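Please walk me through this structure. Start with its pockets, then turn to the charged pairs and the sheets.

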Amino acid sequence: ILGRVLDPQKKPLANAVVSVESTTVGNATYGSPPAGTDPLAVTDEQGEFEIRCPKKFEAMELRVEALRFARRTFPGSRPGPRRQDFVVTPGAALAGRVLLNGRPVKNITIGVASVDRSMGNFTGDFVTGTGEDGRFLFPNLPPDREYAVYGLMDSLKGIGALPAKTLRLKS
């Protein structure tokens, strides 16, 4: 797959990471690429990248991550001699604070995932921790989506549970 990662103004993004999320071979889709496939590529100064696969395939779902931009997946990326453009958008931030009885809860793990898990919309889980003041921050989430924010149970031992909260992030 030959590609170029661009910002919304069609300017190339250097140092973006492009990784293979799944590969469709025939009628089957696999969560890992065939042996010998480049698992990821980093864009050059012109935003260009190439992912090579020694086996014939129909399509790959690619994930693109770039500094200050929202992570995005691109299903149905097809092989061939023509370069494809992959446009990413600026991310939205989600900040919060965890309190228990009015006091900050430090060093727990908070997760967030998009509620829509359909192909091309689900960007995976994001995980971070709370600081000394109980605050957490998720920078560069894909905007204009509904998210579930939750506490990871292993980090909440001895504290209890943190109910999941659903909210919508705007751009």
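In this predicted model, β9 provides the largest share of the lining of the largest pocket, 4 residues. A pocket is an open set of points on a 1 Å grid over the protein atoms alone, where a 1.4 Å probe fits, with protein on both sides within 12 Å along at least five of seven lines. Lining residues have an atom within 4 Å of a point. Strands are DSSP runs (E, at least two residues), numbered from the N terminus, and helices are runs of H or I with at least four residues. Three strands, β9 (92-97), β15 (145-151) and β16 (165-169), each supply at least two residues of this lining. In total, 14 residues line the largest pocket. Nearest its centre lie Arg97, Val98, Phe136, Val149 and Lys165. The class count is 11 nonpolar, 1 polar and 2 charged residues. Here Ala, Val, Leu, Ile, Met, Phe, Trp, Tyr, Cys and Pro count as nonpolar, Asp, Glu, Lys and Arg as charged, and the others, Gly among them, as polar. The largest pocket holds about 240 Å³ of space. That volume is the space filled by probe spheres set on the points, which are joined across faces, edges and corners. Rolling a probe the size of a water molecule over the atoms shows where empty space is left.

The second largest pocket holds about 180 Å³. Its lining has 15 residues, and Glu65, Phe69, Phe126, Pro139 and Asn140 lie nearest its centre. β14 gives the most, with 5 residues. By class, the lining of the second largest pocket has 10 nonpolar, 2 polar and 3 charged residues.

Two notes on reading the model apply throughout. Residues are numbered from 1 along each chain as its sequence is written, and side-chain values use heavy atoms, with hydrogens and water left out. Local features need pLDDT of at least 70, side-chain atom pairs count only at pLDDT 80 or more, and totals for chains, interfaces and linings use all residues.

Now the charged pairs. How many salt bridges does the structure hold? There are 9 salt bridges, each a side-chain nitrogen of Lys or Arg within 4 Å of a carboxyl oxygen of Asp or Glu. Arg83 and Glu48 form one of them, at 3.0 Å from N to O. Arg83 sits in the loop between β7 (72-77) and β8 (84-87), while Glu48 is in strand β5 (residues 48-50), so the pair ties together parts that are 35 residues apart in sequence. Arg83 is partly exposed, with a relative accessible area of 41%. Glu48 is also partly exposed, at 31%. Buried means under 20% relative accessible area, exposed over 50%, and partly exposed in between (1.4 Å probe, protein chains only). A network of salt bridges links Arg4, Glu48, Arg83 and Asp85.

Another salt bridge joins Lys106 and Glu132, at 3.5 Å from N to O. Lys106 lies in the loop between β11 (103-104) and β12 (109-114), and Glu132 in the loop between β13 and β14, so this pair connects parts that are 26 residues apart in sequence. Lys106 is partly exposed at 43%, whereas Glu132 is exposed at 58%. Asp133 forms a salt bridge with Arg135, and their closest N and O atoms are 3.4 Å apart.

Next come the sheets. Two strands pair if DSSP finds at least two bridges between them. Strand β1 (residues 2-6) and β5 run antiparallel, joined by 3 bridges. Leu2 has Glu50 in β5 as its bridge partner.

A further open sheet has 4 strands in the order β13-β12-β15-β16, with antiparallel pairing. Its edge strands are β13 and β16, each pairing on one side only. β12 and β15 pair over 5 bridges. Gly111 stands opposite Tyr150 in β15.

Finally, the whole chain. It has 0 helices and 16 strands. Of its 171 residues, 38% count as buried. The C-alpha trace spans about 60 × 35 × 25 Å along its principal axes.
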